[in-house]
Every structure is written in structure tokens, then in C-alpha cells.
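Me: Hi, I'm new to reading protein models. Could you walk me through this one?

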Amino acid sequence: MSIDEACEYYRQGLAQLDQLGGESYEQIYSLLRFASVQQGGFLKPALSHRLMNLCQTIVRNEPSKFGWTLFARAAANSIGFQAIAKIVRWHDQDVADLSYGLPQLACFLAKNGDLDPRRAAFILTICEDHGWWDWRSGDGVADLLRLSEPADQRRIFLAIIEKLRARYPFGGWTSLWEGFLEAGNQFPNALTTDVRKAIEQLRVEAQRSQDEFNSRDRLQPDFPSDQTPKPSKEEIDGLIAALVSNCDPSSAHSIDKALTTIQTDSRLSYHARQRFIAGLRVSCPYPKRLAFLFAVCDAAELSLTQSLDILSECLAAWSGSSKHLVSNAKALVERLFESKIVELFEGQFSDIVRGIHRLSELCNDKRFVLRLVLRKVAAEEVELDGDEWLQLATALCDVTSGQAGLDALELLLSGPASRIADEIGEGAFRPEQAVGDDEAAFLADVIWHLLGDDDGYLRWTVARGLNTLFELGLNDELGLLLDRFDQREIAALASSDRGLPFQNSRQWLLMGLARVALRHGRTMPGLRRPLLALAQRNDLHIIDKVHIARCLRNIGNDGVRDKDLEALLDQIDQPPCGIVTSDVYSGGAKATSNFRFDYEFAKSEISALARLMNVGKATVVDAMAAEITQRWPDATSLDDFPGRQRYDWDRGDRYETYREHVQRHALLGAATSLSKTRPVVVRSYEVGDGSPWLEWRNRYDVTFDDGSWLSDRKDPVPGQAKENLLGKRTGQQETLQDQHMVLRKLGLVDTDADALVLLYGRWSSPDGVRVRITSALTERKGAIGRCMAFAKQPGHDLWLPEFWDEGFYDRRRRQKSIFAPLVWAPETHSLGIDVGDEMAAQGAAGRPRLGIDLTQNLRLANRPGSGDWHAADGSLALRSQVWGSWKPDPDDHRGARHHDDGEVLWASPDWLAATLSGENKRLVSTITLWKYRSSREYAPSIGVRSVLVGLRLDEGKIRTWHAKKASKQDY
């Protein structure tokens, strides 16, 4: 066929493809495959936008099932940064989650040389890993490492691994860690020995968890099994051997006859076909090898795919001893074309590209295969539809010029039928949606936009990622983010029905920078000047300036006294008009503005500020209205902003609409302006309880004053909390594993001599068993008798005293106990807004420890922020661990989440033995395990409860008693 003739067929195929409709899903996927392999560069922006709109017809229905990896390949090859902007807008429009396609796209862009590998790695750290079936994040990281300088390889690998270890402390899934281990094997200098061991341990834990889940009793009904006796292995081997010996490998008819026999023989499974072919290959005489291959091509019982598999296996096995077979590969391909090529174009989901690729691999000549295909099409022996023409065009991309492929794709997307995409989603391309070529500026735009996202989890994740930016050496982006401090919208990322909550972008940027400065402040002097400029502004509210002060404090001033910082601290720590004591309440007044704020917000937040300033709620409302109209002069009410009033609003909600962000920042601005003209008022009966100004301010600040977050101060999950504790279910009754096995998994028996002793613990096991362990002290004399009697108490009387009262034990109000308190587990009240971080652990603000007096008497010392307490000689005495995060609530069908937290307190065995001996005490514990009955009608189950009383003996062993009455299931 001449070139001109091939071009004409190519044009005919494109004409048929021009009939593409918005619901032609297979054609859209074929279009993406074409875009992923054409070699002409990027499409025009309007056509790129049109292609992605076509994809939205599939994405909008079930985004998790869309071919995101194919989309990412196509976008990286034919679209570029504009695809990132589209994914961000899809996320804002609730079309698809940000993490479905962005990780693959970033890695493929970097692989193509269009994105710095470090920036691609940053994108991976802010996205969730969805365990895609056709792409592993470990493979993407391997591509990034291959493109990186040696100094950057370890930074990239460790940054991503640190994020994954924090997100999946219980192991995740096996393939996740296998991908990173394989990447580490390719680049051994990218990870340390400790990190490799940690990844291997996580892989083991993930596999163990999966195995336990698979082996768990599912209460499946007993179905009647087939009573037909199955043939033995020897009998099957004999049947297959007989078929092989009676078959002529050079005869297609003989092979077909044997395969038919296998298919009709109920004793033989489908696997017997493969064993039969393998037997033929092994027993085939040397002179008949080529004839056998031709017979495989002609066999009617073998499909094209099966024939290709057999030919590939045979050539691989015989190529070393039969060179003439390789030279006849093209003849074999021609024979396949004569007998089976129609199968290449048949079926509802034909895959012409894959078939041509496999045929090309067989003969190592793609042009030869394409000539055969085009000759078959030219002879009109097959009729192609639009999708098949596009697949054929995709296969031709390797042998045509890049410009020809790009022109063909643009011609297709410019056709009248494809213009239906301009009516999908956000409509036709707008000039302001164009994205520039400066990748640093574009990444800064994306970060700024995501810092203001409605989803609080994403805001915290991106703000946390600012530290990763710095550690990857992308310092310029931090400066670019500060340059965007007054930018209300990123045009390329904006959606018509949603504004950017830019005040949230400001706040989370500053919180993220304060956290970076806490870790790397001395190496960030370049940010000091722009931060000082922000500190001098009058349009920023008190919370923004609190975070600016932390940044400046951690960055420092080269050892010189920082008067600017001192002035800023005075401004934010002390209200300008001071604090006065008064028991006079302000009178009511009517608001002069027309603004009405959401009911729940007004009831809690506006009222709290009014009490603080001793003014009426109307005064606060007017001050908030002034703040809003100062930024939005045309606004007359909250209805002018996107969003609606929610009657179940709470300050800790995960999602915050644009409207809610406006009223929250207006409140903070109102507090700042009111404090400049009015004093803070405290009632006479509240004097001495701390600064009411700081108490109010802390409601909107992070928990720790140094700028760290709750998620920064949590610990690795101990192995005891990763153990499953449920046994096999009996009917609907849940059961626990054997008592000794449970105690061993909890670390209470069969431990090493130097293993830490568990004094206190509270967590939920992976299979839903709640665990609570607490300890107290008892006199040595008569300890066994007291424990035996204690174990016979009913559940409401079986409790051990703790230091509940702020680290003390108020014996005047507390019920008397025969035991002395030992442990204090502080209640975590008044946490900061960082409790809304998905990775936050509430226990980080109140670690379990010993009572205050007991700690002082034993001369235990603890560094701020540390979970270790040391004895006077410096040896380890106690260690606390806290962990947790927000998890979906399995009993809430509405998708609610709860804090799945845990905490433990360990004691050094040597220190504990010496302390108990010196105090003449023994350690008594209660171990409570329970699981509530299921609330799901489709999976009913009866809960389980077990309570044990334990006494630690002198030799370090524990003696236990089963508390039968307390173990009764009464719910």
C-alpha cells in the first residue's frame, strides 16, 4: 500500500471518529490512549479543555472507577499543567477527589521532563494513596529518583515514606510497601537501614492483617457441596500424558481434537489445557518444532490471544537451540493473519493496540505488522467502527511523525461532534483558565488555592507539606506564597460557583510557616522581612499576628534583641486597653446593620466575644458587619456569599463553606478592633483563673504555643495495639481469643526480662475490641486476698482509683478505695483548632503519667514535649505513647468520623521493682476488653466483655483472676 493510500484510510477513520458522542465511553478511553502515545507535544489549551470535559462524562458518575492512570498518561503527554488545574477544579466542584489522578499525573509529568521531581514528590505527599490497580506510588517514586540528583534522592524518598508511615501506622496494604522496597532496591542510597527495616515491618504487618482478615469466620451458610469424587492427581497426570502421547504436534486437527476432549471431560479443569500445551512443547521432536508452531496458528480451538501466548513461550524456550524458528517469526505472523486476525477486531471491547503490540513483539517488526493490518483493512475484509479506527491510529503513532499525530488529535477534537464537550461541566475554555510555563509559580498557585479549601483535612495536609517543601529545597515557593498573601483568587483554578476562602489560605499558610520555622527557622532569614511587613499591617486580625509572631520568634534576629517582635508580642498577648474587673453587665441594644449571622455561630461564638468585651451581641454584630463591608463593600448580608446556613454547625466541623469562613474571620477581626477601644472585662468571681483574653484567643489557635501541632507530638503505634483480639464467632456471639494468648498480645505475659511494664493503656484493636488497662498500688501484706475479693465485685464496684482531679486525688469527694491511686491520665479539654487535623492525636495534649505529688516524691523529671520521665540518676523510669487520628465511624451510615485514639504508659522494670520495694507496695491492675453489639441489621452480632484483675508478683510475673460478675454483657 502506498503512503497516499494509507493517508486516505487514515482520513476516513478520522471522519468516522468525528461522530464521537458524549456518552461513547470506549471511544473516550481510546481517545485518551491516542493522546498518551502521540508524539507531537501539547494540544492547544481550548482542545485540551475539551478533551478533559469529555472525560467528565465518565468521571462524574463513579470517579473511583475512572481510568485515572490512563488519563494521567494522556494528560502528561498531550495537556501539561492545564490538567493539574482541571483536577483541582474537579475537586472544588465535587466531581472527583483530588487524589484520584493527581499523583500519577505529577509523576508522569516529571518522567517526561516537564516537572521538577521534587515538586512531583511534594504533590505525592499531599495526596492520598488509593492503591490503584494499574499504578503503584512506589513505581512513580522510582521514576522520580531516576531523574533526581543523588543529593535529592534521599530527601524525596524519606519525605514520601514519612507521610505514608504517619497515614498508615497499622500497615496499610502489602503492595504499597512492596513498591517502595523495590524502589529502594533500585536506589539503595535513597533510604537508610532503619527506614528499610521499618518498611519491611509494615509490609509484614499488612500481610498478617490481610491473612487474619481472610481467615476470620464470616458466618457463611453451609451450601451443599458437590459429592462427586474428584480424580486424584496421578489420574489427571495420566489423562494428560495420554493426550500428549496420542497427539501429533504438527497437526492442527490433532491439537483441536485433544483440546475438545479436555473441554468435554468433566474430570479435567481449564488448567489442564495449559498443562497439555506445555506437555506438547516439551515432547515435541526437534524436526517438528516449526510445524508445531504453524499448527498452533491454525488450531481452531485456540484463540488469537492463546496462540500468541503459546508462540511467545515456545520461541523463548527454543530460541537458543533453534535459530531458524526466529527467522520464521514473520511467517508465523502471516499465518496468524490468515487464520485468526479477524479476532483482533471482534468483540465489544476489542483491543487492537495490544494485539498489534504483541504481534510486533513476536516478529520484532512493527512496520511489517502494520502493513499486514492495513492490507487487511484495505481489502475490506474487516469493517471498523470509530473506536477501532482510533485504536489503529494509536498503533500508527510509533511509525508516523509527531506532528501528524498531534494534527490528527487536534482535528478530531475540533470536529463538530466533539464540540458537545463545550456543554459539559464548566463549559467551553475561558482565556483566564490558561496556565503559564513557570512551574514554581504554578505550584505556588495550587498550594495557595488548596490552603483555602473547604475540606479542613486538606488544608491541614497542605499546610503540613510546607515543611516538606523546605526540606526538598524548594524554598522559592515559600516566598512566592507570601507574595500571594493578598490574592483573593487564582484565575486558572477558579470555579464559577465557588469563591476561594482566601482568609483561610492566609491563616493556614501562616500556621504552616510557623511550623516550618520551628524546625528550620535559623535557615530561613529571607522570610523575616516580608513577615515583619505583615506584622505592621492593621488589616490582619489577632490570630494571624499570633502565627506571624511565632514565625519571627523561631526565625530569630541573628542574636540581636528583636524590638519588633517584642512589640508584636505585647500587642497579641495583652489587650491594648487592658483587663478590668467588673460585675456590671452591658445593656441590650439593637444592631444597626442588616447582617444576620448563622444561629449556632451567633449562639456560641458571638455570645462568647460579647461576654469577653462586656458588650451586647448587637455591638459585636455591627463590628463584624464593618469588617465584612470593608473587604466586600457591596455585601449586605451573608446571603451574598456562596454557601448556606447549617443548623448543626460546630466550631470543630471538618468542612467550612465560603460563607462560614467569612463570618469566622469577621469575628476575629471584630475582636481585634473592639480590643483597641474597649477593655476586656472579667467578673470578680473569675479573677485569678488566668487571662480571659488568652483563654478566648486560644479557642482559635493551635494547641501548643511553640507552633507545633497535635499530630507532631504523637508517637508510633506500639505493637500491642496492632494485634487482633477476637476469636471465631459462635453463631452471632463474638468471642475473644484464648486468655493466655490475649495477655501475651497485650504484653502482660511471656515478655523479655528487660521489656517495659504496661501500667496504663487505652485503645481499640484493629478488629474493634476496646482495651482499657489501669493500675494502682496496694499494701504487700494481704495483696492476694484483696485481689481475690476485688475480682468478685460487680461491674459498678470494680474500679481502681486514679488521679482524676488535675493530677491529685480529692479524698473528700471521692469514694474510698482499698487501693492507692498511681496513674493520672489528664483529660484533654480546650484543645486548639489543630484537633481538626485528620492526623491529630488528642492525647498529645495530656499524656498519661503518675500523679503530681507522686512524681515529685519520686523525683522524676520530664522535658517539655517529651513522653519520657527519668529518675534522679538519669535512667528511664516511665514512657508514655499516644497515637490516633480521625477515622470513619463504622456505625454511622452518614459518613461521620470519630477520633480513634490510644495511649499507654510504660514503666522500666528495674525502676518499677525498686520503687515498689522501697514503698512496700505491689502493683494491681484491671484489664478490661469489650466490644459492643453490632448496630448493623445486615450483620448482627452480640458483643463480648471480659474483665481480669492482675497482681504483679516479685519475680515480675502477673497473677490474674477472672472477674465473672464484671464480665457480664449487659448491653
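Me: Is C107 buried or exposed?
Reply: C107 counts as buried because its relative accessibility is 1%. Buried means under 20% relative accessible area, exposed means over 50%, and partly exposed lies in between (1.4 Å probe, protein chains only). This is a predicted model, where local features need pLDDT of at least 70, side-chain atom pairs count only at pLDDT 80 or more, and totals for chains, interfaces and linings use all residues. Residues are numbered from 1 along each chain as its sequence is written, and side-chain values use heavy atoms, with hydrogens and water left out.

Me: Why does C787 count as buried?
Reply: C787 counts as buried because its relative accessibility is 0%.

Me: How many disulfides are there?
Reply: A search of the whole structure gives zero disulfides (pairs of cysteine sulfur atoms within 2.5 Å). C107 is in none, and the nearest cysteine sulfur, that of C127, is 9.6 Å away.

Me: Switching topic, what angle do α7 and α24 pack at?
Reply: Helix α7 (residues 117-126) and helix α24 (residues 456-471) pack at about 145°, with axes 9 Å apart. Axes are lines fitted to C-alpha atoms, for helices over the stretch in contact, and angles run from 0 to 180 degrees between N-to-C directions. Helices (H or I, at least four residues) and strands (E, at least two) are DSSP runs, numbered from the N terminus.

Me: What about T125 itself, buried or exposed?
Reply: T125 is buried, with a relative accessible area of 8%. Leaving aside neighbours within four places in sequence, T125 touches A159, I160, K163, T461 and T468.

Me: And where is S137 found?
Reply: S137 is in helix α8 (residues 137-147). At 7% relative accessibility, S137 counts as buried. Its side chain makes a polar contact with the side chain of D129 (2.6 Å). A polar contact is a pair of N or O atoms within 3.5 Å; within protein, one must be able to donate a hydrogen and the other to accept it, and residues adjacent in sequence count only if both atoms are side-chain atoms.

Me: Last one: how many helices and strands are in the chain?
Reply: The chain has 37 helices and 14 strands. Of its 971 residues, 53% count as buried.

Conventions:
Contact = heavy atoms within 4.5 Å.
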